[in-house]
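This report describes part of a structure for a reader who is new to the subject. Please examine the sequence and the model before reading on.

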Amino acid sequence: MTLAATLAAQESAQESAQESEQAPAPAVAPPPLVQVENLRVRIKTPDVDVTLLHGLNFSLNQGEVLCLVGESGSGKSITVRSLLRLLPPGAIVEGSIIVDGIDILALKPAQLRAVRGPLIAIAFQEPATSFDPAFTIGYQIAETVRAHEQVSWADATRRAQDLLELVQVPSAKRRLDAYPHELSGGLRQRAMIALALSCRPKLLIADEPTTALDATVQIQVLLLLRELQRELGMATVFVTHDVGVACEIADQVAVMYSGRFVEMGPIERIIDAPRHPYTAGLLGSVVTPDVPGARLEPIPGAPPDPTALPPGCSFEPRCRVARPACAQAMPAFTQIAPLHQVRCVLAASGAAMGDIEK
Amino acid sequence: MTILSPQSDYDTAPDRGGPRQPMLIVQGLRKHFGIGGGFNGKAAVVRAVDGVSFDVPKNKTLGIVGESGCGKSTTAKLLMQLIRADEGEIILDGDPVAMSRGVSLRDYRRSVQMVFQDSYASLNPRLSLQDTVAFGPRATGIPQAAAMRRAHDMLRRVGLAPEVFASRLPHELSGGQRQRVNIARALAMNPRVLILDEAVSALDKSVEAQVLNLLQDLKQELGLTYLFISHDLNVVRYISDRVMVMYLGKVVEIGDVKDVFDHALHPYTRGLLSSRPSMNPRQRRTEPPLSGDPPSPIDPPSGCRFRTRCSFAETVCAEREPPLASLGLDQQVACHAVTPGSGHTQASAGEGASQ
């Protein structure tokens with residue numbers, strides 16, 4: 001845990017400053033680490049022209065975890081990839097993304113390379129395909145360190161070993177010489193996280209990092225991420241389709257549907273009192289241990305095609321409580337309580353989900 | 001079952017053994033895969049499935065759970081006869097399979113069908129949905145027109161209107177719709193047993209719930225028996241009547257789903273169950289219930305295979321392999337710590353109830 005100690009020491013100055021500010025007077029909060037405004041992503045190639053994100057706004061403080069929850073195609077991965085500008089050719093990104101005072105969308109390629117790693121790092125869902133199969137784990141981590149810092153191979157390798165120990169890979173020294181295929185899924189994902197942490201990022205993006213893992217290993221990796229995130233004071237954007245995973249790790253949750261946030265708020269509020277019908281439906285579809293045999297209440301239908309969105313609220317065709325007005329115009333993202341925003345005319349009018357459903 | 005094809009050879013095989021005869025009895029199923037042994041490698045065997053026995057009552061669902069590499073899918077493929085078992089016996093409704101005087105492999109395969117996890121990879125991209133579903137019936141000699149009629153019936157039954165979907169191709173469907181086609185294709189053979197190998201795992205939660213409801217309905221309507229393999233314990237709890245927990249090619253616990261989930265006896269089952277996310281952000285897990293990964297099935301630990309990750313492991317666990325012993329009415333468990341007279345310090349010395 002030597003690296004953790006050094007990293008923690010580095011961060012301690014910032015942390016103590018943050019704590020002293022947070023505890024007595026939250027009024028003078030530090031500027032958020034991540035500030036995303038009106039983020040729009042459109043893919044335009046000769047074959048397709050589709051808008052995938054329709055104006056996202058969010059901010060994230062140091063040490064906070066924001067979970068993006070939604071189903072396939074809702075735009076979760078596009079959102080986090082645009083933070084790193086890892087988008088397919090033909091993507092047009094509008095809006096602004098400010099991370100630690102840096103305007104990500106204005107960076108030139110060389111500057112972007114310098115930012116990827118030390119400022120923002122990402123751990124992908126499939127570590128098996130994210131590592132190069134032809135090089136050892138140790139080499140790939142050390143290579144990343146050397147790309148960003150003026151250190152010798154020996155020092156970089158030592159740092160790689162520290163990182164593997166930090167993410168609790170057993171016999172880390174031996175694993176430095178392991179090729180990706182020689183590790184189990186859980187160990188590969190830990191190595192992936194070590195790689196992401198190798199340049200001490202301020203913002204860690206985790207794109208479904210535990211989806212491919214067994215439940216027993218998933219909980220290990222989630223606990224590890226939570227511990228690291230607290231220890232290193234990183235901000236984390238965590239993408240998942242599993243509400244259970246969000247419950248374990250999130251401070252804030254943003255529920256996505258068809259390229260928009262439909263509900264955002266603290267995890268406890270979202271779980272206890274979801275206000276958007278989609279959020280409620282999503283929670284209702286999760287098979288929990290309490291309901292053996294009872295009939296599930298899935299959301300009917302499927303998400304709309306992003307090239308042919310309905311004119312009004314994009315959830316309206318599947319919504320059980322839709323009103324005629326819902327098909328007319330997209331509802332605004334309205335604040336209904338401190339930190340709690342909902343994109344639904346019914347929720348915004350003040351009615352609770354229970355009252356609306358008949 | 002009036003909606004099904006009138007072809008007599010497509011009616012469900014008669015219920016030969018009566019309602020109390022288990023639909024499937026599996027005895028001592030074993031499959032070892034040889035690896036290495038080539039130029040300079042040392043030959044080794046992966047003990048993928050190592051003496052698995054269980055039975056599945058009629059019109060019930062047996063859930064099979066365990067971590068990756070525990071032999072769930074190999075068991076499914078062995079049951080489906082996609083790979084040949086080294087040892088072991090399968091008895092379908094009282095008749096041994098692929099033996100003289102038993103049910104022929106051809107009839108067995110018609111009675112047992114399978115749905116795979118990857119809905120896209122398991123469909124032929126160039127066959128329309130009606131051709132896909134009609135393929136099995138056609139291959140067994142049903143005339144084209146009757147097979148098509150049957151395909152349309154099946155598509156309608158899984159919630160895909162044939163007027164809309166019959167001539168579509170797999171890439172035009174969503175994941176949930178494709179999985180419905182796979183279910184329709186399996187049902188087109190009029191099977192008695194359906195093996196669902198992680199059939200809902202790749203689906204989004206809201207779609208997963210739709211497909212689970214569909215499976216429940218079909219089971220009732222068609223009197224099917226399911227083997228439901230999944231790593232999602234909540235889903236298994238939801239859909240199963242009995243559950244079997246596997247670890248490194250062995251059954252460690254099997255029993256009524258309520259008993260196993262509410263009173264798990266094997267330390268592995270308990271670890272697996274408490275690895276589920278809490279669904280309560282105010283009561284987060286603080287300690288991982290199980291550490292590390294399962295050891296390699298190439299050279300599994302001696303005695304009890306779980307002992308390397310078990311907090312109750314003692315010397316007896318390394319010396320002797322715990323047998324699958326009946327505890328309680330309908331619950332069997334392979335653990336020295338809960339088996340009376342095993343020599344484990346936590347076990348009671350002689351006969352009598354444990355725990």
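**A crossing between two chains**

H12(A) passes H7(B) in a left-handed crossing; a crossing is left-handed if the near helix is turned anticlockwise from the far one by less than a right angle, and right-handed if clockwise.

The contact involves A:Gly281, A:Leu282 and A:Ser285 of H12(A), together with B:Lys205, B:Ser206, B:Glu208 and B:Ala209 of H7(B). Two residues are in contact if their C-beta atoms, placed from the backbone, lie within 7 Å.

**Basis of the description**

The model is predicted: local features need pLDDT of at least 70, side-chain atom pairs count only at pLDDT 80 or more, and totals for chains, interfaces and linings use all residues. Residues are numbered from 1 along each chain as its sequence is written, while chains are lettered from A and ligands numbered from 1 in the order in which they are written. Helices (H or I, at least four residues) and strands (E, at least two) are DSSP runs, numbered from the N terminus.

**The side of chain B that touches chain A**

In total, 34 residues of chain B are in contact with 34 residues of chain A. On the chain B side, H7, helix H8 (233–239) and helix H10 (267–273) each supply at least two residues. H7(B) gives the largest share, seven residues.

Helix H4 of chain B (residues 144–157) has 14 residues, which at 1.5 Å a residue should span 20 Å; its end C-alpha atoms are 20 Å apart, which agrees. The expected span is 1.5 Å times one less than the number of residues. Among the buried residues of H4(B) are B:Ala147, B:Met154 and B:Leu155, where buried means that 20 or more other C-beta atoms lie within 10 Å of a residue's own. The buried residues of H4(B) pack against helix H3 (129–139), helix H5 (162–165) and helix H6 (175–187) of chain B.

The buried residues of H3(B) include B:Leu129, B:Val133 and B:Pro137. Just after H3(B), B:Gly141 takes a positive phi of about 95 degrees.

Terms used
Buried ≥ 20, exposed ≤ 12 C-beta atoms within 10 Å, placed from the backbone.
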